[in-house]
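The sequence and structure are shown below.

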Amino acid sequence: MATAVDLITTSTGRAVSQPVLAEQSTNAEVAPQTPQMRAASPPSLDRMALATLLVQHFSNSWGQRTAEFAVYIFLVALFPDTLLPASIYGFATTGSATLLSGWAGRLVDKHHNLRIVRASIIAAKLAASMMYAGSLVLLYRLFPLTDTARPWSTPLASGMFAVIVMGGCAHNLAGVTISVAVERDWVTTIAASSPEHLTTLNTYMRRIDLLCKLIAPLFVSLLTTAASYRFAAIFLCVVEAVCLFFELIWTEISYRRFPALHEAQAAKETAQRVRSRDEDHREPQSVPFWSGVQQQTTRKLKEALHDWHDFAQHPVFLSSVAISSLYLTVLSFDGTMLSYLKAHTYSDSFLAGIRGLNVVAGLLGTMAMPFLERRLGLVRAGNWSIWSEVLCLLPVLIALYVCAPADGSRAPAWNAVLLFGGMMLSRIGLWAFDLCQLKELQLALASHPRRNTLTALQFSLQNIADMLKVRCCSPIRTW
């Protein structure tokens, strides 16, 4: 955590020197509005277009969060004697996003901004259906069994598990592409030169993400508890098919009703035509097939290294490292944290309630960020947010290292208050900082010719930190 704080302090210090961010920080200071300023305020957003954009984002986020939780639940139910399948699935999906997020962002830069979103939505729904279908086959063939051993090394189990893993990798990459295209590219374009619109859109998007993060796992648990695992897999697969149809419609409406997206696409096509004319002037060289493949591979690797070099040289890179460093934590309600809490005899209902309170605190953070930005400016609001998170986590450190309970025993009441209260309050600063860093990234790369490629590299950094967390936690039992 200290590393993340140091990084954000450095990154914001460098970012202020940039004209765009300095102007944004200045504009965000509190000042009385004159009649001329009110007259020059940006036009309001098209409510119908905004509503369809947010509904589409809710549907996509719901599908992402549902699949993330449901597939792990199915794998644990199918292979209760080992965590290896779930671990392989998690490593493969996270690793693919780490390696290919930059490629996903490059697709957004190169292709039509509506067609790439459509293709990504179709890919995400098909991949989710593939995972549910593979799980359903195994649920009918392997579940339930009379004995406790469910060998996952049989040909059927191995084949269906491979289908689930490939579907998970495709689903994750499609999700990254949609996030870059809609939450970053479309939102920045729609907001245009209005920082207020950019803050509003980012805040709406993040609140939807947090709500889906809370409700989707509860919905999956309700399906598996009230009905069965088989019914849950069938029902979720049908939901994905229905949402595919509506998401394509909602995306089309949003694109048609926001003129800024058409203008951005026209500018992109003009730039691409100029580059194509320059490339046509080069004399084509005929090379053998394998030599051509080698040249293409080398060129792609050079492009990827060039993207990382540009991103690392950009002032906003350090803030991206800072937000990615926050993924290197065990203070989130994932498998590591839940295993620790279950070892100290906390009930499932209690943990579900605490998780819900943490999400509510995160929603409060999304409400606090616009207020902090207006009062302090963007950069200082980010600094205040991250330091408030650090201060709120100090009681958590005390709870973990002072009178910490042994495995199998419950912690004293004061220890639980420090642990869960500190975690909950820290979520306010965490999500306020997340929104500040997102807006800083959007403003810093707004005029960059490969902004989506560089934006997607932040997803790679976050996945690297997530994998490091798993690696650091694996040798130890608790933390």
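## Buried and exposed nonpolar regions

The buried residues of H12 are Phe-317, Leu-318, Ser-319, Ser-320, Val-321, Ala-322, Ile-323 and Ser-324. Buried means under 20% relative accessible area, exposed over 50%, and partly exposed in between (1.4 Å probe, protein chains only). Because eight of the nine residues of helix H12 (residues 317-325) are buried, this helix is largely enclosed by the rest of the structure. Helices (H or I, at least four residues) are DSSP runs numbered from the N terminus.

The model is predicted: local features need pLDDT of at least 70, side-chain atom pairs count only at pLDDT 80 or more, and totals for chains, interfaces and linings use all residues. Residues are numbered from 1 along each chain as its sequence is written, and side-chain values use heavy atoms, with hydrogens and water left out.

A nonpolar core is a set of buried Ala, Val, Leu, Ile, Met, Phe, Trp, Tyr and Cys residues joined through side-chain atoms within 4.5 Å.

| Core | Residues in core | Members include |
|---|---|---|
| Largest | 44 residues | Leu-53, Val-117, Trp-186, Ile-190, Leu-201, Phe-258 |
| Second, separate | 25 residues | Leu-136, Leu-138, Val-220, Ala-233 |

Beyond its neighbours within four places in sequence, Ile-190 is in contact (heavy atoms within 4.5 Å) with Leu-45, Leu-53, Leu-201, Phe-258, Ala-260 and Leu-261.

Phe-245 lies in helix H9 and counts as exposed, at 52% relative accessibility.

Definitions and conventions
Helices (H or I, at least four residues) and strands (E, at least two) are DSSP runs, numbered from the N terminus.
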